[in-house]
Amino acid sequence: MKKIILAILFITSLLAIGQKKIKTKTNPVGWSYTIAPLINLPDETKTYSIAVETDLDPMDFWDELNWNMQVSEKNSEKRQLLYQQAVQDTLNKWTENYLELSGSTFNRTNSSPDFIITLVTDTFTMDSIPEIMDYSDSDAVLGEINVSATLTVRTSQGETILEENIPFYIDDPEGPTSTLQLRHFVLNPAFKLKLKLTKKPEKRRRLLTNRIKRFEADILETFMQRAGDLLKDNFLYQNRTAYGAMFSFKDKEYDEFNEHAETVQESINSLSALSKKKRKTLDEIRPALESAVVLWQQELPKSDYPDVQDALNANIALTSLLLNDMIAAKLHFSNIPDTENLEREMMVAGSSNYYLKGLQDAIVVKELSGDRAQVYQSE
């Protein structure tokens, strides 16, 4: 028995040695993308107007409460006029914040614009409401929410240059959805009881519709935010900041690895150096990046340590992204475990999770924008 225990301890110690922890360092890098617009308007197209057509009330519960505390007018007709003015003021503020095309390229006007931006919202409907529901099941389906907005951009001659439907989705932990489930009201037991006591489908539909419409200010603001993003993507040049890190090790065994990581880090950061003497172009740093990728790819099959494998994959993914090799960038990033939920998971100790998230976001930006996204280089 003693021999068996000793053998187990010996094997366990060997496994422990084989899985020793490699101390990793993160060396931050940052760069920017300039993203060209999807639609290039003629140079003479300079002015635009904006119209928002909606029945949705932009005043939420707290806005109304605030408004009521500030308005002492007793006359109901005058109060209604003042409320409509508050509604319009909120719409004007959101229009300015989300829909205006900032910058010097275009100017907003109400007189003879070159193109007209229109956002129109639909009314709510609740569809596919089941006749029988299991109120003990938090995933029970209550129905489908159907509400959307349409963003249209037309020239002064009536030619449509952009038309996009913007559907509304519930922000669910499992992903955006239009399916309303009982768990979406988990924080409101009183409403769940009221819903349970409402037997007739038509009354239940009205109850659900009215309940969702209490959030119409949030829904309208979401529509305007998404419409603004569409306008920027289609008509404006945008700059997106990207960040990540070169991983290195506190171990002399990896000196060559670390030297390349340091060189790549300095090279990438030189793209945006404040000093003109230290600033470099992407073409100037390309040889250093390519040389590092070759070395790291050769190193990958040699190491059995997970920490080293992860660091190599992260470095190759980031450097390949700068070299515009999306296939290699996505492949090596996918080889890093536990990157599905980077807000909660860590590759290695410390702040590596933050930098991996930055790399993941940069890959998404480049993948979505394609050749429209070019690495920004200071002049």
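Reader: The expected span of a helix is 1.5 Å times one less than its number of residues. What span does helix H9 reach from its first C-alpha to its last?

Author: In this predicted model, helix H9 covers residues 306-322, 17 residues in total, and reaches 25 Å. That is close to the 24 Å expected at 1.5 Å a residue.

Reader: Is H9 mostly covered or mostly exposed?

Author: H9 is mostly covered, with 15 of its 17 residues buried. Just after the helix, Asn324 takes a positive phi of about 65°.

Reader: Which residues have the most contacts inside the largest nonpolar core?

Author: They are Trp31, Tyr33, Trp296, Leu318, Leu321 and Leu322, in a core of 44 residues. Several elements each supply at least two residues of this core, among them strand E1 (24-35), strand E10 (238-249), helix H8 (282-299) and helix H11 (352-369). The largest share, nine residues, comes from H9.

Reader: What does Leu318 touch?

Author: Leaving aside residues up to four places away in sequence, Leu318 touches Val29, Trp31, Gly244, Ala245, Met246, Ile268 and Leu359. There is also a second, separate core of 38 residues, which includes Tyr98, Phe106, Leu162 and Ala227.

Reader: To E4, then. How many of its seven residues are buried?

Author: Five of the seven are buried, so E4 is mostly covered. Strand E2 (residues 47-53) runs parallel to E4 and is joined to it by six bridges, with Ser49 opposite Ile116 in E4. Strand E7 (residues 148-155) pairs with E4 in the antiparallel sense over seven bridges, and there Thr118 stands opposite Thr152 in E7.

Reader: Why is E7 described as largely enclosed by the rest of the structure?

Author: Because six of its eight residues are buried.

Reader: And which strand is joined to E7 by seven bridges and belongs to a hairpin with E7?

Author: That is strand E8 (residues 160-167), which runs antiparallel to E7. Val153 stands opposite Leu162 in E8. The hairpin has four residues between the strands, and Gly158 takes a positive phi near 95° in it.

Reader: What about Thr155, buried or exposed?

Author: Thr155, which is found in strand E7, counts as buried because its relative accessible area is 15%, and the cut-off for buried is under 20%. Not counting residues up to four places away in sequence, Thr155 touches Asp114, Phe115, Ile116 and Ile161.

Reader: Why does Thr179 count as buried?

Author: Its relative accessibility is 18%, and so Thr179 falls under the 20% cut-off. Thr179 is in strand E9 (residues 179-181).

Reader: Which side chain does the side chain of Thr179 make a polar contact with?

Author: The partner is the side chain of Glu144, and the distance is 2.7 Å.

Terms used. Residues are numbered from 1 along each chain as its sequence is written. This is a predicted model: local features need pLDDT of at least 70, side-chain atom pairs count only at pLDDT 80 or more; totals for chains, interfaces and linings use all residues. Side-chain values use heavy atoms; hydrogens and water are left out. Buried means under 20% relative accessible area, exposed over 50%, partly exposed in between (1.4 Å probe, protein chains only). Two strands pair if DSSP finds at least two bridges between them. A nonpolar core is a set of buried Ala, Val, Leu, Ile, Met, Phe, Trp, Tyr and Cys residues joined through side-chain atoms within 4.5 Å. Contact means heavy atoms within 4.5 Å. A polar contact is a pair of N or O atoms within 3.5 Å; within protein, one must be able to donate a hydrogen and the other to accept it, and residues adjacent in sequence count only if both atoms are side-chain atoms.
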